[in-house]
Amino acid sequence: MDPALDAKIKLAPHEPGAYIFRDEEGRPIYVGKAGDLRDRLVQHTRGDNPAGWAVVMHERARDVEWIVTRSETEALLLEANLIKEHKPPYNIRLADDKSYPYLKITQEPFPRLLVIRDLPRDAQVHIPGGRGKVRRGFHDPKRHEVYGVGDGLVFGPYPTAAVMWKMRDIAGQVFGLRHCRKTLDPSRPLRPCLNFHIKRCVGPCRGEITPEEYDRIVEQVVMLLDGRTDTVRQEFEERMKQAAAELDFERAATYRDRIKTLEAASEDQLVNAAEERDQDVLAVALEGDFGVVDLFPVRAGRMLGPEHFSFSHVRGRLPSEVIEAAMMVHYSQHVTPPRAILLPEPLPEAAAWEAMLSDLREGKVELLVPRRGEKRRLVELAEKNAQVNLAQVLEERGRKREENLAALNDLAEVLEMAARPARIECYDISNLQGQDAVGSMVVFTDGLPDKRRYRRFKIHLEGKPDDYAMMAEMVQRRLRRGMLGDEKFLPLPDLLLVDGGKGQVSTIAAVLEEEGAAGMTLAGLAKREEEVFVPGQSDPVDMTEHPRGRFLLQRVRDEAHRFAHSYHEGLRSRTITRSQLDMVPGIGPTRRAALFRAFPSLQAMSEASVEELAAVEGMNRKAAQTLHEFLLDAAHEARPLPGQEE
């Protein structure tokens, strides 16, 4: 290890925290956590880990920084966030970036069921099929924003979005919970929406259901989301029998259909465990550079739908390391650990993990390695599923690789290239009548998106909107950066693709000529007929015999369009948001900047009191009162605040 780095490590504190190793250019290459930063970093200097990846990482490391936390639990949460943010090359990577969805019943007259992904502060979260709560971690400063409603009741997290949407659909299909954002008053009936007419909403807007009757429906939804489907089904069965006894067969048939739908909701509960307890079961399967961890949550003795974690960059890693990576991802996402966690083998730092998980649970958590009995059978079931899922991952990757190679060969043949293009770059422009014009550069390596190499450009061209000139400016800036040796723009592309037809192609061909890159393969993909154009040909290239190549070009072009549009949308949203504050008397650029430093959004400002607004640097009570009234008026008009549009 570098001597200067070795000396710096000796200054690390004996405190819990997370640390980041950086290379000579300051890029993060490895993130770790420790109960004692000094001891853990000294282990790196001693080379206690003989694995190949660790040796190479130590050779590249030139600097280290650390962040002290209050506990090792906080260090675990911080490590997860830092890995997600920096994606360091020597950490095990989660192949599919997970985002855990929740469902929330709002606190308002005639509550709604909303989908959320960021939790409110100090939210009480009900685990489906079990009990528990989570505390808001210091590592996530975001505030939950749901159009001004109260905190409500949150359920989750759901292992997949599909399960979450299924439960939300059932809430409307079976119980008729409303989805609309209307401000309801039982004394002022409103015109119902389509959901009422197709019997997906009980229609509180019509004033035909009392708040008490609607609250009973909400209670049933709570039981459904809390995993008590048996209780709800039993109640429906009693009502069905009563309706049949009264010869009201239409109402009885309605309850019969609801019962069938509830039974379908229980399909994710796979098996019954012998013990009526809460526990998570984990197992891992590894092959080559890929790994899969399967996690089976068991709640009240019932095994719920499993969760799969796919990892890359696991070559040379121990199975226990990959399991730890999955646990870090899972339990750092506001998931309350159960009383027991069953593993196929012991973890090297089992005691530290038990302490961290117990802290998250606010109760004792045990890591168990069962050798026999029902617990061992659960672990074996998870191991079998992990092997099956790993085989599926490897098969899909192999099939995609073959398809990509075939598509690249198609392009090489039809575009008369010497070899298949290893690096394809595509450029697109996004603007609104010339305002906030931006450009995107996306990169596909071996036919797959290489998102680390994506780049965005703010267009400097002034005057009337000119897409040709904007495209030329962007490509010219990119080529010059690459030819000057900027590693962010190296290597140069084998195939340069532009979003457009003959006009765009001829414009960029002139840029390539000017920059000394005339030999680079250039093509354009026109949206209307999906025609491919190349320099020097007035007619489009005949792609009839090369459908896979055309489809790959479409994928690359669509990704460039998405990337450019998302960048432009973000800039435009920020512009609109800031211009809204400019409408408030007494709020100038300095106060506006201070407000956005203190509050992440207009929604957060609207939830603040006058005193909280007045406490912001540069504000006074008069300006705070004016801003508060402006935001209340905006909310009263029932329009989404800027930046919240769906």
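## Basis of the model

Two strands pair if DSSP finds at least two bridges between them. Helices (H or I, at least four residues) and strands (E, at least two) are DSSP runs, numbered from the N terminus. This is a predicted model, in which local features need pLDDT of at least 70 and side-chain atom pairs count only at pLDDT 80 or more, while totals for chains, interfaces and linings use all residues. Residues are numbered from 1 along each chain as its sequence is written, and side-chain values use heavy atoms, with hydrogens and water left out.

## The chain overall

The chain holds 19 helices and 21 strands. Of its 646 residues, 48% are buried; that term means under 20% relative accessible area, with exposed over 50% and partly exposed in between (1.4 Å probe, protein chains only). Contact means heavy atoms within 4.5 Å. Among contacts in the chain with a separation of 6 or more, 65% join residues 24 or more positions apart.

Strands β2, β1 and β3 form an open sheet of three strands in the order β2-β1-β3, with antiparallel pairing. β2 (28-34) and β3 (63-68) are the edge strands; each has a single partner strand, so one side of each has no neighbour in the sheet. From one strand to the next, the twist averages 20 degrees.

β1 and β2 run antiparallel and are joined by six bridges. Arg22 stands opposite Pro28 in β2. Helix α4 lies across β1, β2 and β3, and runs at about 165 degrees to β2. Such angles run from 0 to 180 degrees between N-to-C directions, and axes are lines fitted to C-alpha atoms, for helices over the stretch in contact.

## Helix α4 against helix α11

Two packed helices are described by the angle between their axes and the distance between the axes. For α4 and α11, the angle is about 90 degrees and the axes are 8 Å apart. The two helices are therefore roughly perpendicular. That label covers 65 to 115 degrees; angles under 35 count as roughly parallel, over 145 as roughly antiparallel and the rest as oblique.

On the α4 side, the contact uses Glu72, Thr73, Leu76 and Leu77. On the α11 side, Ala352, Trp353, Ala355, Met356, Asp359 and Leu360 take part. Seven of the contact residues are nonpolar, one is polar and two are charged. Here Ala, Val, Leu, Ile, Met, Phe, Trp, Tyr, Cys and Pro count as nonpolar, Asp, Glu, Lys and Arg as charged, and the others, Gly among them, as polar.

## Two nonpolar cores

A nonpolar core is a set of buried Ala, Val, Leu, Ile, Met, Phe, Trp, Tyr and Cys residues joined through side-chain atoms within 4.5 Å. The largest has 35 residues, of which Leu282, Phe311, Met327, Tyr331, Trp353 and Leu357 touch the most other members. Two or more residues come from each of β1 (17-22), α4 (72-86), β9 (279-287), β10 (290-299), β12 (307-312), α10 (319-331) and α11 (350-361). α10 gives the most, with eight residues. A second, separate core has 28 residues, including Leu177, Ile209, Met223 and Leu262.

Beyond four places in sequence, Leu282 is in contact with residues including Val293, Leu295, Ile323, Met327, Tyr331 and Ala382.

## Strand β12

Five of the six residues of β12 are buried. β12 runs antiparallel to β10, with six bridges, and antiparallel to β4 (residues 93-94), with two bridges. Ser312 takes part on both sides: Arg93 is its bridge partner, and Phe290 stands opposite Ser312 as well.

## Strand β19

In a regular strand the side chains alternate between the two faces of the sheet. In β19 (residues 495-499), both faces are covered: Leu495, Leu497 and Asp499 are buried on one side, Leu496 and Val498 on the other. β19 pairs with β20 (residues 521-526) in the parallel sense over five bridges. Asp499 stands opposite Leu525 in β20.

## Two buried helix residues

Glu559 sits in helix α15 (residues 547-582). Its relative accessibility is 13%, so Glu559 counts as buried. Leaving aside neighbours within four places in sequence, Glu559 is in contact with Val442, Phe444, Lys451 and Tyr454.

Leu627 belongs to helix α19 (residues 621-636). Leu627 is buried because its relative accessibility is 0%. Beyond four places in sequence, Leu627 touches Leu581, Val584, Leu595, Met605, Leu613 and Met619. Leu613 is 14 residues from Leu627 in sequence and 8.3 Å away in space, C-alpha to C-alpha.
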